[in-house]
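Here is a short report for a first look at this structure. Keep the model open while you read.

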Amino acid sequence: MILKILQRIQGLLTVDKAPKSVIIPRSKHNISRKDISPNALKVLYRLHQKGYQAYLVGGGIRDLLLGLYPKDFDVATNATPEQVRAIFRNCRLIGRRFRLAHVFFGHETIEVATFRKETLISSPEKTQLIVQDNEYGDLTEDAFRRDFTINALYYNIDDFSLVDYHQGLQDIQTRTLRMIGDPAIRYTEDPVRMLRAIRLAAKCGLTLEKQTQKAIDSIAPQIHQVAPSRLYEEILKLFITGYGVEVLTRLLKLELFNQIFPDVAAGFKQMPWAQQFLMTALANTDARVAQKKAVIPAFFFACLLWGPLQKALAAPSGTLPPLRDFMTAMDQAIDAQMKILLIPKKVVMIMQEIYFCYYRMLALRKKQIYRLITHPKFRAGLDFLELVATVDKEKATIVTWWQQFLAASEYDQSVLLAKLEQQPKKKKRKKTGKTDTPST
Ligand code: ATP
Ligand code: MG
């Protein structure tokens, strides 16, 4: 640890000695004001008029340079949050540890961050380096506390130039994601950066620079030091913002996946269908995001933990009735994952409802059909059943039954229900512990 601190201090000293920036004039880059949100421009201009420095930085600039449509625009300035608030009426300060200003324009929020620097402290309980980035700094310091070179490009509203401290523009051109400084140390300081690396690389189609990639495997176990609630938020950003298939493909090659989802990873090894199932679920989610349809965290987590649930169900579990078996397996799968990341209670409840609807749909009990249809999670349960049917063809007939039933007239529905009654009761499946296909 002492070595790490020394390395870091040495790194900072080197930085302080030679903080060289390259200014790229407007004529040498392709960022035009017409590509920038008018509200972000308003914020930049107002700060500038009041005599402050004002830059656009982070994902907005990165995405524009990569030819992508930015999700949002972040502003960096030397004005303190209080000074920002004094300028904008439509402004609120957020954050306790480090205050940020949010400037509101209808549905759009522009985040304004005061330049800050990283201060290193050692944490007695974790006996390792952690970062406290709650001290104001200048532009140079701000550029050094950022994670990747392509995230530390500053668009100056004063002359429309780009300020580049870390050859970020070169990395944009070669589509490389490179950590600023020593990747192992920067990941140790904040292990969430490992997830950011995967997310940004997947989202922007980037190749991780060799060391930036290599360090992830050795630092992966430190992901457990991230607060479980923060980890949950980051996992959502990874999987339900439109490029989940690419994220999972990349994550599967890394130890990080085993660390965050040990049971899911074990399930992939034992049940060949499980990985395909999750990939299909993510492909559907990606398509929904692309069509601007709603996606809910609970559906993703229900899909993620379907393998572990099936594994738990296949284990001998005494004389409990099947629904109980199912519920027990569900609780086991969720509880095990909750030891690593904190899935909020209300999300867990929705997951349980989706699983429950799915189970009831499979059971096809005449008396429950109409009640089931009015269940708030009926649609999600059916989507889930359709997804399961992609890896378990036996379920396809039940999916077809439900589709026919939903499309049928009242009379045809009664015919379908009558037929249901005539069906002989299904024999109970023998528990074999085999998991070639999902058992429910
Ligand atoms: P997105 O398109 O998802 O918003 P982003 O890079 O803008 O990507 P934000 O979370 O909005 O992500 O962060 C804004 C900027 O703040 C980043 O570009 C980066 O410069 C810096 N940043 C964010 N998180 C970290 C971190 N954990 N460590 C260092 N710098 C960070
Ligand atoms: Mg951003």
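In which loop is Gln-167 found? Gln-167 sits in the loop between strand E10 (162-164) and helix H6 (168-173). Helices (H or I, at least four residues) and strands (E, at least two) are DSSP runs, numbered from the N terminus. Gln-167 is not a glycine, yet it has a positive phi of about 55°. Most residues other than glycine have a negative phi. Gln-167 counts as exposed, at 53% relative accessibility.

Arg-175 also has a positive phi of about 55°, and it is not a glycine. Arg-175 lies in the loop between H6 and strand E11 (176-177). At 33% relative accessibility, Arg-175 counts as partly exposed. Buried means under 20% relative accessible area, exposed over 50%, and partly exposed in between (1.4 Å probe, protein chains only).

## Basis and confidence

This is a predicted model: local features need pLDDT of at least 70, side-chain atom pairs count only at pLDDT 80 or more, and totals for chains, interfaces and linings use all residues. Residues are numbered from 1 along each chain as its sequence is written, chains are lettered from A and ligands numbered from 1 in the order in which they are written, and side-chain values use heavy atoms, with hydrogens and water left out.

The mean pLDDT of the chain (the predictor's confidence in each residue, from 0 to 100) is 88. Of its residues, 86% reach 70 or more. Over residues 9-17 the pLDDT is below 50. The pLDDT is also below 50 over residues 122-127. Where pLDDT is low, the predicted coordinates should not be read in detail.

## The nonpolar core

The largest nonpolar core has 134 residues. Such a core is a set of buried Ala, Val, Leu, Ile, Met, Phe, Trp, Tyr and Cys residues joined through side-chain atoms within 4.5 Å. Helix H18 (residues 345-363) gives the largest share of this core, 10 residues. Domain 1 (19-174) and domain 2 (261-422) both contribute residues, so the core lies between them. The domain bounds come from an automatic or database domain assignment.

Phe-239 is among the residues with the most contacts inside this core. Beyond four places in sequence, its contacts (heavy atoms within 4.5 Å) include Val-247, Leu-251 and Phe-300.

## Around ligand 1

Of the 16 residues around ligand 1 (a heavy atom within 4 Å), those that come nearest include Arg-62, Asp-190 and Arg-193. A polar side-chain atom of Arg-193 is 2.8 Å from a nitrogen atom of ligand 1.

Technical notes
A polar contact is a pair of N or O atoms within 3.5 Å; within protein, one must be able to donate a hydrogen and the other to accept it, and residues adjacent in sequence count only if both atoms are side-chain atoms.
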